[in-house]
Amino acid sequence: MSNEKMETKKSDKFLSTLEAAQKGDADAQFALGGMCEDGIGVAQDYEQAYKYYQLAAEQGNIDAQVELSVMYYDGQGVEPDREKSYELHAVALKNLQEGYKDYLLGAEQGEAKAQVRLGYLYKYGLGVEQDYEKAFKYFSAAAAQGDATAQYYLGCLYYCGKGTELNYAKSFEYLQLAAQQGNRDAQYDLAIMYENGEGVEQNYSESCKYYQLAAEQVDDSAQFNLGNFYYYGVGGEKITLKQLNIIS
């Protein structure tokens with residue numbers, strides 16, 4: 001029953017996102033591309049993912065430009081074209097660099113999205129000198145406003161001790177906040193922390209739970225680890241890979 005409700009919620013979200021995308025909302029088009037790519041709330045369809053990423057990219061959505069670059073590189077939903085991939089990646093990077101002043105202004109005005117953008121630029125040194133402390137500063141500001149992406153990156157910085165002191169407990173805290181909002185990467189990392197007992201008492205059942213959540217969002221590594229957990233009976237009942245439909 002719980003799985004049926006989960007699927008209904010996903011489908012409702014897909015339909016509402018589709019409605020906004022059809023009205024020309026670039027953020028919704030990008031989100032819809034992600035749902036089609038990962039098979040969330042709809043059957044996985046790389047061609048449809050490409051279509052919606054393309055629509056969003058044409059409106060200047062930088063995230064969509066990056067995803068299109070990856071699709072061209074991997075040949076998912078479109079014929080592989082490394083030259084086009086590099087071209088789109090360069091466009092996205094240029095747009096990020098050109099948007100720096102706008103992001104800075106928005107961040108100063110408390111806009112979480114702008115703060116996340118700045119954190120990302122400083123974390124990876126895109127158009128600015130790499131500075132983990134500034135990345136930590138901006139991710140912290142956005143995380144305090146409940147932004148799941150910022151919470152995820154903040155958890156990563158605490159885990160690695162970059163821009164701040166290494167602190168597994170803090171890392172766990174922020175990854176958990178992001179995971180509870182459905183951030184797939186945070187769910188996977190949280191599963192790892194539960195499995196290894198980092199920042200929290202080792203708990204295979206909780207690890208299995210978060211692998212399951214990430215796996216449902218088509219995280220390949222989570223699906224692999226979850227398969228191992230079930231196969232060896234770690235964190236729950238032993239189930240064969242054939243029963244899980246992981247192999248035919």
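Which side chain meets that of Lys113 in a salt bridge? The partner is Asp27, with N and O 3.4 Å apart; a salt bridge here is a side-chain nitrogen of Lys or Arg within 4 Å of a carboxyl oxygen of Asp or Glu. Lys113 lies in helix H7 and Asp27 in helix H2 (residues 26–38), so this pair ties together parts that are 86 residues apart in sequence. Asp27 itself is partly exposed, at 43% relative accessibility, where buried means under 20% relative accessible area, exposed over 50% and partly exposed in between (1.4 Å probe, protein chains only).

A word on the ground rules. The model is predicted, so local features need pLDDT of at least 70 and side-chain atom pairs count only at pLDDT 80 or more, while totals for chains, interfaces and linings use all residues. Residues are numbered from 1 along each chain as its sequence is written, and side-chain values use heavy atoms, with hydrogens and water left out.

As for the overall picture, the protein chain has 13 helices and zero strands, both taken as DSSP runs numbered from the N terminus (helices H or I, at least four residues; strands E, at least two). Of its 248 residues, 39% count as buried. Among contacts (heavy atoms within 4.5 Å) with a separation of 6 or more, 40% come from residues 24 or more positions apart. The accessible surface is about 13600 Å², and carbon and sulfur atoms own 47% of that, going by the Shrake-Rupley method with a 1.4 Å probe, where for residues only the protein chains shown count as cover.

Back to the charges: the salt bridge count comes to seven. Another of them joins Arg117 and Asp63, at 3.3 Å from N to O. Here Arg117 sits in helix H7 and Asp63 in helix H4, so the link spans parts 54 residues apart in sequence. Arg117 is buried, at 15% relative accessible area, whereas Asp63 is partly exposed at 30%. A local case is Glu87 with Lys84, whose closest N and O atoms are 3.7 Å apart; both lie in helix H5, three residues apart, or about one turn of the helix. Glu87 is partly exposed at 44%, and so is Lys84 at 28%.

Helix H6 (residues 100–108) buries Tyr103, Gly106 and Ala107. These cover an arc of only 100° around the axis, which puts them on the same side of H6; the arc is that of the directions from the helix axis to the C-beta atoms. They pack against helices H4 (62–74), H5 (82–98), H7 (112–124) and H8 (132–143). Lys101, Asp102 and Glu108 are exposed on the face turned away from that buried side. After H6 comes Gly110, with a positive phi near 85°.

Then there are the rings, with 17 aromatic pairs. Rings of Phe, Tyr and Trp (its six-membered ring) pair if their centres lie within 6.5 Å; planes under 30 degrees apart are stacked, over 60 edge-to-face and the rest tilted. Tyr50 and Tyr72 have centres 5.7 Å apart and planes at 85°, so they are edge-to-face. Both are buried. For Tyr159 and Tyr168 the numbers are 4.9 Å and 40°, so that pair is tilted. Ring pairs also link Tyr120, Tyr124, Phe139, Tyr152 and Tyr153 into a cluster.
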